Amino acid sequence: MSKIWKKPVAIPAWVEVTIDNNLVKVKWPKWELSQKILDCVNIKVEDGQIVTSITDDENKPFWGLSRSLINNMIEWVTKGFEKKLMIIWVWYGAQVQWSKIVLSLWYSHKVEYTVPQGVSVSAEQDAKWNTILTLTSIDKQLIWEVAAKIKTYRKTEPYKGKWIRYIDEYIKLKPGKSAK
């Protein structure tokens, strides 16, 4: 069984962490993240490390969750996070216009998606005329929500693997009707 919750979280020298009534704020010169931690978890800053503990044994799952959330916030603020989507098909494409993504998905209209604040988007084409959307932010949860929302406009097709998918996603292709 893992005992990750007992390990302290190291705070890098340039990161500032403040704790106020179980609201943890992690600040870097460019970015800031905050997360509300449950009251059953005690959080302390000692010797440049964050130490978590619990009030009773019933809340052990929240202990590990809280420690992981704090560790992830520190990691995301320092490194950032990136998710790439690939739009595969000859007639499909995407353009980034200010804070909007305009998707051409062979509907009768173009689909416009307004990108939430805190997420930056860039679009480029590869050698095979596929469009690659790169989403970057410091909030991993927000990036996954945006990527999942964009993917719902045209889910990946199981026979040729085209349309919208994550760049690192593996798709098991189905055999067509000619395969017997």
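Strand 8 and strand 9 (residues 100-104) run antiparallel to each other and pair over 5 bridges; two strands count as paired if DSSP finds at least two bridges between them. Strands here are DSSP runs of E with at least two residues, helices are runs of H or I with at least four, and both are numbered from the N terminus. Within this pairing, Val96 stands opposite Ile101 in strand 9.

This is a predicted model, in which local features need pLDDT of at least 70 and side-chain atom pairs count only at pLDDT 80 or more, while totals for chains, interfaces and linings use all residues. Residues are numbered from 1 along each chain as its sequence is written, and side-chain values use heavy atoms, leaving out hydrogens and water.

Next come the rings. The structure holds 4 aromatic pairs, meaning rings of Phe, Tyr and Trp (its six-membered ring) with centres within 6.5 Å; planes under 30 degrees apart count as stacked, over 60 as edge-to-face and the rest as tilted. One of them joins Tyr113 and Tyr153: the centres are 6.5 Å apart and the planes at 65°, so the pair is edge-to-face.

Finally, here are two charges over rings (NZ of Lys or CZ of Arg within 6 Å of the ring centre and within 35 degrees of the ring normal).

| Charged residue | Ring | Distance from ring centre |
|---|---|---|
| Lys83 | Tyr166 | 4.7 Å |
| Lys162 | Trp89 | 3.5 Å |
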